[in-house]
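Hello,

I am passing a structure on to you, with some notes on what turned up in it. Please have a look at it first and then read on below.

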Amino acid sequence: MKKICVMGLGYIGLPTASILATKGYMVHGVDVAQKVVDIINSGGIHIVEPDLDILVKAAVGSGKLKAALKPAEADVFFICVPTPFKEGYRPDMRFVEEATEAIVPYVKKGNLVILESTSPVGSCDDIIAPILKKTGLVIGEEVFIAHAPERVLPGHILKETIENDRIIGGINDRSSQICADLYRTFVKGNIYLTNARTAELAKLVENSYRDVNIAFANELANICDELDIDVWELIALANRHPRVKILSPGPGVGGHCLAVDPWFIVDSVPQKARLIRTAREINEARPHVIFEKVKELAKKFKKPVIGCLGVSYKPDIDDIRESPALEIVRMLMKEKVGEVLVHDPYLAGHALEFKGTELDELLSRSDILVLLVNHTPYYAIDKKLLNEKALVDTRGIFRK
Ligand SMILES: NC(=O)c1ccc[n+]([C@@H]2O[C@H](COP(=O)([O-])OP(=O)(O)OC[C@H]3O[C@@H](n4cnc5c(N)ncnc54)[C@H](O)[C@@H]3O)[C@@H](O)[C@H]2O)c1
């Protein structure tokens, strides 16, 4: 297996493609966005991820990684395209379907197709396999299909792509084995084999587990607000119990994964996934809770200036997908709660409907400071500057 075609060159596809290229594979990367293809072919990157620029430059420079708009023949096809939800929190598998359709003319006998995108249970069997049947090849005998879910942490993707343990679930044992053999050539973590459906659910469960635990912390924050108790002190004290480890509350849960994947379980078994649904609802309501808090504080000022720190969905990355911070900023602007100033170290990379404000200016002009994302530079803000401001610190970084 020497030639690899990677469909989708985003946060998952591009690191995977460049790691494979530096391992000696000939990698043909495919993206539907011309801009993405051009940037990668010039040796650059279109996303923020530490050290990825160096790796992509090396991979493209060596001639082992090329990007294109159309697929090409290969031994292995990776599908790394988005899997968002659509109306009614239903999985939107359009991109997976399109990417699979696109490879049909190039898939030959003996090829392996790997679905890396986080997908609802049954995607390999009910979406990928029926589309690949159009090749005329016998599924599971002449063309192999497996799900190898990604569990990387943005900001650490290169390290985790190689070091994390992996679950590989084929549509049959042979597919699992062939897929595992490939991953063993670039993954140092343990590889665990299962069937496709279990692998699909395993990934969704991992993210739902995190979401449910964050919902518990967020519910505590809501309870503490009502009871006038400092939630950060409460959690720190409760966590002194040897078997208690409560997570931190925040403005909500964002990103392409935690805010989306639990809905894939709810969608397939709505009557059974009651806790998972409730957790989603608690986390989805958090931006409104924070918004109401700021709105209440704003009533104390004649012409309130509200300084919002951070728009990404988590610290030190540029990703704004499903970001609760951005949702809060937009609510404050839409409801005209005051003059809203926004700072984020990565704002320049986004074409948003508002402009950013320099941090110094935001800090000096704001009556209300709303800390939404704990980006590293915010820890260095001089606490004296905060004394005369109303504070809504959703991450607890300005506590005395
Ligand atoms: N980002 C993460 O941290 C992370 C972690 C684990 C799993 N995942 C999962 O991995 C998958 C990909 O996520 P991502 O963050 O890389 O998304 P992304 O949006 O960063 O990248 C996806 C890329 O696919 C391209 N694309 C869309 N349709 C295409 C098609 N038909 N053919 C070729 N390219 C196409 C898009 O233009 C985009 O560049 C999702 O299922 C996501 O849930 C992501």
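Let me begin with R90, which counts as partly exposed because its relative accessibility is 43%; in these notes buried means under 20% relative accessible area, exposed means over 50%, and partly exposed lies in between (1.4 Å probe, protein chains only). Before going further, please keep in mind that this is a predicted model, where local features need pLDDT of at least 70, side-chain atom pairs count only at pLDDT 80 or more, and totals for chains, interfaces and linings use all residues. Residues are numbered from 1 along each chain as its sequence is written, and side-chain values use heavy atoms, with hydrogens and water left out.

**Salt bridges**

R90 forms a salt bridge with D267, and their closest N and O atoms are 2.8 Å apart. This pair links distant parts of the chain, with R90 in strand 6 and D267 in helix 10 (residues 261–268), 177 residues apart. Helices here are DSSP runs of H or I with at least four residues, strands are runs of E with at least two, and both are numbered from the N terminus. D267 is partly exposed too, at 24% relative accessibility.

How many salt bridges does the structure hold? There are 18, where a salt bridge is a side-chain nitrogen of Lys or Arg within 4 Å of a carboxyl oxygen of Asp or Glu. As background, side chains of opposite charge can pair when their charged atoms come close.

Another of these pairs is R94 with D92, at 2.8 Å from N to O.

**Two residues with positive phi**

Y89 is not a glycine, yet its phi is positive, near 55°. Y89 sits in the loop between strand 5 (85–86) and strand 6 (90–91), and it is partly exposed at 30% relative accessibility.

E322, which is not a glycine either, has a positive phi of about 55°. Its place is the loop between strand 11 (305–309) and helix 12 (324–334), and E322 is partly exposed, with a relative accessible area of 41%.

**A pair of packed helices**

Helix 1 (residues 13–22) packs against helix 3 (residues 52–61) at an angle of about 50°, and their axes are 9 Å apart. The axes are lines fitted to C-alpha atoms over the stretch in contact, and angles run from 0 to 180 degrees between N-to-C directions. Helix 1 and helix 3 are therefore oblique to each other (under 35 degrees is roughly parallel, over 145 roughly antiparallel, 65 to 115 roughly perpendicular, and the rest oblique). Contact means heavy atoms within 4.5 Å, and the contact is made by L14, P15, S18, I19, A21 and T22 of helix 1 and L52, L55, V56 and A59 of helix 3.

Best wishes
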